[in-house]
Amino acid sequence: MGLNGRQSPLLISLWLLVTSVHPGTGLENSHYVPQLSRAALEGKLTQSTFTLEQPQGLFDNLNISDSDPIQLVVAHSNATQNFAAPQKIDDKYAPASFTQNGYYLTLRTSRVHYQGGRPGKQLQVLHVGNDTSFSLKSKGCNSPLPGSGPYRVKFLVMGAKGPMAETEWSKEGMGTEEQTFRAVPGSQSEGIVAIIAFLSILLAVLLASFLILVLSSGCRSTSVSSSVEQVRMR
């Protein structure tokens, strides 16, 4: 009894340690990094969408079943640290909560649609934000993105008892067409500098031309006045 009495605090501590493990810490990580499509596609970036490469063959060797849903997590670049894999998908992960949470889940499918070995001619991309037919409150709705971003994304596999596997977050913030143009301030600055330089040169040329014209007019006036005086003296 004495031994058991001494062991009980240790057992309680171990139990508390085990039960304090946060959900989702045992997720299988594929180390895949989602990326924008490299294909030259019309509409690859619009004001409310962007296009990803499909993760072909990525989930073939993971310890999941064909029925386990795979979803894309879309988050603001500064909100990824606030996302924790949920135990179940409920309404708070719908696009309607994006403004409040900073993330949502979309493009629900299974690994059958991401199997490797597909014909090379088949277009293998994912269009994020191109579905306007569903309500923002619908779970998994692929609604247009509410702003230009930037965003980061990752894939999450959910099982019957909770999350099972995930990828890494995309490395760089992904944006829509508007954000992409804003994401290259260097080129914009160079263009502005070139325009300012051109306008400055043009202004200098016009000013020089004006001064030459004024001086020429003054010289002519002086010559005419001198001629008139000479005529009067004669």
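**Surface patch**

Five residues, Ile195, Phe198, Leu199, Leu202 and Leu206, make up a nonpolar patch on the surface of this predicted model. Together they present about 510 Å² of accessible area. Ile195 belongs to helix 4, which covers residues 185–233. With a relative accessible area of 52%, Ile195 is classed as exposed, because the threshold for that class is over 50%.

Five strands form an open sheet in the order 1-7-6-3-4, and their pairing is mixed. In general, the strands of a sheet pair through backbone hydrogen bonds, in either a parallel or an antiparallel manner.

Strand 3 comprises residues 70–76 and runs antiparallel to strand 4, to which it is joined by five bridges. Strand 3 also pairs with strand 6 (residues 151–159), again in the antiparallel sense, over seven bridges. Val73 illustrates both pairings: this residue stands opposite Leu105 in strand 4 and opposite Lys154 in strand 6. Six of the seven residues of strand 3 are buried, so this strand is largely enclosed by the rest of the structure.

Tyr103 is located in strand 4. Its relative accessibility is 12%, so Tyr103 counts as buried, the limit for that class being under 20%. When residues up to four places away in sequence are set aside, Tyr103 touches Val74, Ala75, Ala79, Asn82, Phe83, Tyr93, Ser97 and Phe98. Between Tyr103 and Lys92 the C-alpha to C-alpha distance is 9.6 Å, with a separation of 11 residues in sequence.

**Aromatic pairs**

The model contains 10 aromatic pairs. One of them joins Phe98 and Tyr104 in an edge-to-face arrangement, with 4.9 Å from centre to centre and 70° between the planes. Phe98 and Tyr104 are both buried. Elsewhere, ring pairs connect Tyr32, Phe59, Tyr114 and Phe155 into a cluster.

**Salt bridges**

The count of salt bridges is two. The table sets out the side-chain pairs and their distances.

| Salt bridge | Distance, N to O |
|---|---|
| Arg111 and Asp66 | 2.7 Å |
| Lys154 and Glu166 | 2.8 Å |

The bridge between Arg111 and Asp66 links distant parts of the chain, 45 residues apart. Arg111 lies in the loop between strand 4 and strand 5 (125–128), whereas Asp66 lies in the loop between strand 2 (50–53) and strand 3.

In the bridge between Lys154 and Glu166, Lys154 comes from strand 6 and Glu166 from strand 7 (residues 162–166), so the pair ties together parts that are 12 residues apart in sequence. Both Lys154 and Glu166 are buried. Lys154 is also the residue of strand 6 that stands opposite Val73.

How values were computed: Residues are numbered from 1 along each chain as its sequence is written. This is a predicted model: local features need pLDDT of at least 70, side-chain atom pairs count only at pLDDT 80 or more; totals for chains, interfaces and linings use all residues. Side-chain values use heavy atoms; hydrogens and water are left out. Two strands pair if DSSP finds at least two bridges between them. Helices (H or I, at least four residues) and strands (E, at least two) are DSSP runs, numbered from the N terminus. Patches are made of residues with over 30% relative accessible area and no salt bridge: like charges are joined within 9 Å, nonpolar side chains (Val, Leu, Ile, Met, Phe, Trp, Tyr) within 5 Å. Accessible areas come from the Shrake-Rupley method with a 1.4 Å probe; for residues, only the protein chains shown count as cover. A salt bridge is a side-chain nitrogen of Lys or Arg within 4 Å of a carboxyl oxygen of Asp or Glu. Buried means under 20% relative accessible area, exposed over 50%, partly exposed in between (1.4 Å probe, protein chains only). Rings of Phe, Tyr and Trp (its six-membered ring) pair if their centres lie within 6.5 Å; planes under 30 degrees apart count as stacked, over 60 as edge-to-face and the rest as tilted. Contact means heavy atoms within 4.5 Å.
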